[in-house]
Amino acid sequence: MTRRRWIAERWDEATATLEGAQAEHMARVLRAQPGMEADVVAGGRVFHAEVAAVSPHEVRFNLIAEVEADPALPVTLVLAVYKFDRMEWAIEKATELGVAAIAPVIARRTEKHLGESAEKRAERWRRIAHEAAQQSRRSDVPVIHVPALLANFARAASTATRIVLAEQERSTALRHAVETAVALAQDEMPAFEVAIGPEGGWAPEEEALFDANGWQAVSLGPRILRAETAAIAALSVVASCLE
Ligand code: SAM
């Protein structure tokens with residue numbers, strides 16, 4: 001029987017502890033008792049563990065043995081802030097698909113009020129990523145970066161292969177760009193930054209900025225996808241090239 005998997009808030013070499021809502025769920029709903037077995041994620045590593053102590057707001061596990069962890073996709077999804085409900089759905093799906101990090105960026109066509117409240121919303125995005133990581137039995141939780149201005153992110157130094165999904169692009173497919181980067185990296189696993197624009201798309205000056213900073217424009221085909229669809233399609237293409 002597959003053991004339930006929990007992502008610990010605190011850990012050391014021998015124990016791991018759940019706190020807050022998930023500890024309360026274990027204690028009150030699942031009526032956890034000492035000796036109950038589970039998989040516990042602690043610091044990106046997965047352990048076969050057993051409950052050592054249960055209190056209403058805290059469940060402590062003894063770590064028994066490390067088990068195989070599945071690495072995240074080496075992809076940072078650079079997601080232009082757009083309608084929060086759709087963006088949160090994209091964060092949940094990107095987490096299920098294995099994304100390593102999500103960098104929310106304020107683009108020129110990000111609606112003003114969404115850009116202004118993005119920083120306050122980031123904590124909720126982190127909770128969504130944590131829950132989706134737990135539900136999909138990941139051995140890590142994707143990092144949700146502090147929202148930044150797109151121009152700053154696009155110009156920042158990076159060793160990643162930088163790819164921008166451009167709905168007007170027709171000559172280069174995403175798959176080709178990823179396969180080329182993998183071939184160039186030889187036995188290294190390359191890291192990718194994949195940028196997806198807001199509902200209104202990238203502004204011309206943003207496309208020029210990407211180009212001037214070494215981002216490769218790629219296409220996901222002739223149809224115009226919603227940003228959340230583009231995120232799922234892009235991560236699926238990258239995963240199929242890397243896994
Ligand atoms: N306003 C744009 C238009 O109508 O042409 C659509 C923008 S689309 C809703 C949001 C983002 O998804 C785009 O900026 C792009 O990053 C990505 N995207 C959507 N369809 C794409 C495609 N066929 N190829 C590459 N990127 C795409």
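This is a predicted model: local features need pLDDT of at least 70, side-chain atom pairs count only at pLDDT 80 or more; totals for chains, interfaces and linings use all residues.
Residues are numbered from 1 along each chain as its sequence is written, and side-chain values use heavy atoms, with hydrogens and water left out. Local features need pLDDT of at least 70 and side-chain atom pairs count only at pLDDT 80 or more, whereas totals for chains, interfaces and linings use all residues. Secondary-structure elements are DSSP runs numbered from the N terminus, namely helices (H or I, at least four residues) and strands (E, at least two).

Helix α2 comprises residues 84-96 and helix α7 residues 227-242. Their axes lie 9 Å apart and the packing angle is about 15°; axes are lines fitted to C-alpha atoms, for helices over the stretch in contact, and angles run from 0 to 180 degrees between N-to-C directions. The two helices are therefore roughly parallel to each other, where angles under 35 degrees count as roughly parallel, over 145 as roughly antiparallel, 65 to 115 as roughly perpendicular and the rest as oblique. The crossing of α2 past α7 is right-handed; a crossing is termed right-handed if the near helix is turned clockwise from the far one by less than a right angle, and left-handed if anticlockwise. On the α2 side, Arg-86, Trp-89, Ala-90, Lys-93 and Ala-94 meet Glu-228, Ile-232 and Leu-235 of α7, contact meaning heavy atoms within 4.5 Å. By class, the contact of α2 with α7 contains five nonpolar, no polar and three charged residues. In this classification Ala, Val, Leu, Ile, Met, Phe, Trp, Tyr, Cys and Pro are nonpolar, Asp, Glu, Lys and Arg are charged, and the others, Gly among them, are polar.

Helix α2 also packs on helix α3 (residues 112-135), with axes that come within 9 Å and cross at roughly 35°. This crossing, too, is right-handed. The α2 residues involved are Phe-84, Met-87, Glu-88, Ile-91, Glu-92, Thr-95 and Glu-96, and their partners in α3 include Leu-114, Arg-121, Trp-125 and Ile-128. Ten nonpolar, three polar and five charged residues make up the contact of α2 with α3.

Within α2, the residues Phe-84, Met-87, Glu-88, Ala-90, Ile-91, Lys-93, Ala-94 and Thr-95 are buried, that is, under 20% relative accessible area, with exposed meaning over 50% and partly exposed in between (1.4 Å probe, protein chains only). Their cover includes β7, β8, α3, β9 (143-144) and α7. The end C-alpha atoms of α2 are 18 Å apart, in agreement with the 18 Å that its 13 residues should span at 1.5 Å a residue; the expected span is 1.5 Å times one less than the number of residues. Just after α2, Gly-98 adopts a positive phi of about 100°.

For α7, the 16 residues should span 22 Å, and the end C-alpha atoms are likewise 22 Å apart. Buried positions in α7 include Ala-227, Glu-228, Ala-234, Leu-235, Val-237 and Leu-242. The buried residues of this helix pack against β7 (73-80), α2, β8 (99-106), β11 (161-165), α5 (174-185) and β12 (192-196). The axes of α5 and α7 come within 10 Å and cross at roughly 35°, and the crossing is right-handed. Leu-174, Arg-175, Val-178, Glu-179 and Val-182 of α5 form this contact with Ala-234, Val-237, Val-238, Ser-240, Cys-241 and Leu-242 of α7. The contact of α5 with α7 divides into eight nonpolar, one polar and two charged residues.

Thr-172, in the loop between β11 and α5, is buried with a relative accessible area of 16%. Not counting residues up to four places away in sequence, Thr-172 touches Gln-216, Ala-217, Val-218 and Ser-219. Arg-3 is placed in the segment before β1 (5-7) and is partly exposed at 27% relative accessibility. Its contacts, leaving aside neighbours within four places in sequence, are Glu-37, Ala-38, Asp-39, His-48, Val-67 and Arg-137. The C-alpha atoms of Arg-3 and Val-237 are separated by 30 Å, the two residues being 234 residues apart along the chain.

Arg-137 lies in the loop between α3 and β9 and has a phi near 55°, a positive value in a residue other than glycine. With 28% relative accessibility, Arg-137 is partly exposed. Arg-31, found in the loop between α1 (20-29) and β4 (37-42), also has a positive phi, near 50°, and is exposed at 62% relative accessibility.
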